[in-house]
Amino acid sequence: MLTSNQNVPVFLIDPLILELINKNFEQVKNTSQGSISQCTFFCVPRDFTAFALQYHLWKNEVYQERKGKKGILQLIMKQMMLENEPCLTEGWFRIAENMGFQCLKIESKDPRLDGIDSLSGTEIPLHYICKLAAHAIHLVVFHERSGNYLWHGHLRLKEHIDRKFVPFRKLQFGRYPGAFDRPELQQVTVDGLEVLIPKDPMHFVEEVPHSRFIECRYKEARAFFQQYLDDNTVEAMAFRKSAKELLQLAAKTLNKLGVPFWLSSGTCLGWYRQCNIIPYSKDVDLGIFIQDYKSDIILAFQDAGLPLKHKFGKVEDSLELSFQGKDDVKLDIFFFYEETDHMWNGGTQAKTGKKFKYLFPKFTLCWTEFVDMKVHVPCETLEYIEANYGKTWKIPVKTWDWKRSPPNVQPNGIWPISEWDEVIQLY
């Protein structure tokens, strides 16, 4: 009642309830047609019910409403009223408290403004927790991000907050920042209440354990460009534009196949060190776990207009693919193999058949934002970067020998000549 009366755009994201709805969707559909139902979904015993608040929609709605009432004054005040908006929620909180709720608001600085002194005071809402009797509603504040995805922040408790307000440890969202595909929503009636839920509830539920997001290091990137001036030549700008388009096309192709990938090698270094594409890198580098390899990857890239440039190795050993993008920017895909205590990807020297192995400590995948895209990077990024580039990775190196420069490279034998036709294919 509170959210609908105040036009607060929320949708249900509670994994337990979404799973129940998915299993009993016919019952939900029948309920929405008017039959009376007992409380079978929302009354499952638990401490919290989780909803997502789409803050960008709420903000826009409030702005449009005020614009209609106040005209030009609202336009003048737009930046102040919308970017740092205390009154957006104050009225809502007052009404909630009058209804008997006890509410807690968690705010923090927008991580994208890290290091910008003039904006250091700007805080954004991240989580609302409203308690009534023994139950609490967790409103996870979703913010719209470039790349058409939704982001929520870390629920970090400040010193003045009562740790006993609710059992915070049982919250399913907020242990770390998270990123989600923007879900298409549908309205259903659950236990007699009209609520919005993701149209594909199980896709959302499956995203939850893999939603961890790590931010680009904006502050360090700004410091990097103070020390090493950014290359803004026509050639550098053109390369970055082509590399971005190639990365977007590669992501679209692999996502369509259902093949997870991450930024690797120089592309990963560019993201971590300077939040951008390294202009002298000349290619885009991606990593894929070998167990995610699909036989139609090559055909899918060729259909997307990216012809195969070379194929080294084989699925069982040291597979590596390279595709030719436009403007001489190539796409290199390295396949990673898992051993007991490390990961590795292979390399092959075409003229000699020599094999190389690049060792990495084990890692998991997190989401990040890079060139207006939601993409994966290794969560243990520093260890990954240092394995590949050593402790001096902060210093730009423009001459790089893939066989000798990486500290994690080691010889791995030689391909038998009888296998060369299969393991060394150049186009």
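User: What is the handedness of the crossing of H10 and H12?

Analyst: Bear in mind that this is a predicted model. H10 covers residues 265–274 and H12 covers residues 381–389. Their crossing is left-handed.

User: Is H10 parallel, perpendicular or oblique to H12?

Analyst: The two helices pack with their axes 10 Å apart, at an angle of about 130°. Angles of 65 to 115 degrees count as roughly perpendicular and those over 145 as roughly antiparallel, with the rest called oblique. That angle therefore makes H10, relative to H12, oblique.

User: How many nonpolar, polar and charged residues are in the contact of H10 with H12?

Analyst: On the H10 side you've got Ser-265, Gly-266, Cys-268, Leu-269, Trp-271 and Tyr-272. H12 brings in Thr-381, Leu-382, Tyr-384, Ile-385, Asn-388 and Tyr-389. Sorted by class, the contact comes to eight nonpolar, four polar and no charged residues.

User: How many residues of H10 are buried?

Analyst: Buried here means under 20% relative accessible area. The buried residues include Trp-271, Arg-273 and Gln-274. H10 is mostly covered, and the buried count is 10 of its 10 residues.

User: Which residue just after H10 takes a positive phi?

Analyst: H10 runs over residues 265–274. Just after this helix, a positive phi of about 55° turns up at Cys-275.

User: How far apart are the end C-alpha atoms of H9?

Analyst: H9 has 24 residues, 234–257, so at 1.5 Å a residue it should span 34 Å.

Conventions:
Residues numbered from 1 in each chain as written. Predicted model: local features only at pLDDT ≥ 70, side-chain atom pairs only at ≥ 80, totals over all residues. Heavy atoms only, no water. Axes fitted to C-alpha atoms, helices over the stretch in contact; angles between N-to-C directions. Helix = DSSP H or I, 4+ residues; strand = E, 2+ residues; numbered from the N terminus. Parallel < 35°, antiparallel > 145°, perpendicular 65-115°, else oblique. Left-handed = near helix turned anticlockwise from the far one by under 90°. Contact = heavy atoms within 4.5 Å. Nonpolar A, V, L, I, M, F, W, Y, C, P; charged D, E, K, R; others polar. Expected span 1.5 Å × (residues − 1). Buried < 20%, exposed > 50% of the residue type's maximum accessible area, 1.4 Å probe, protein only.
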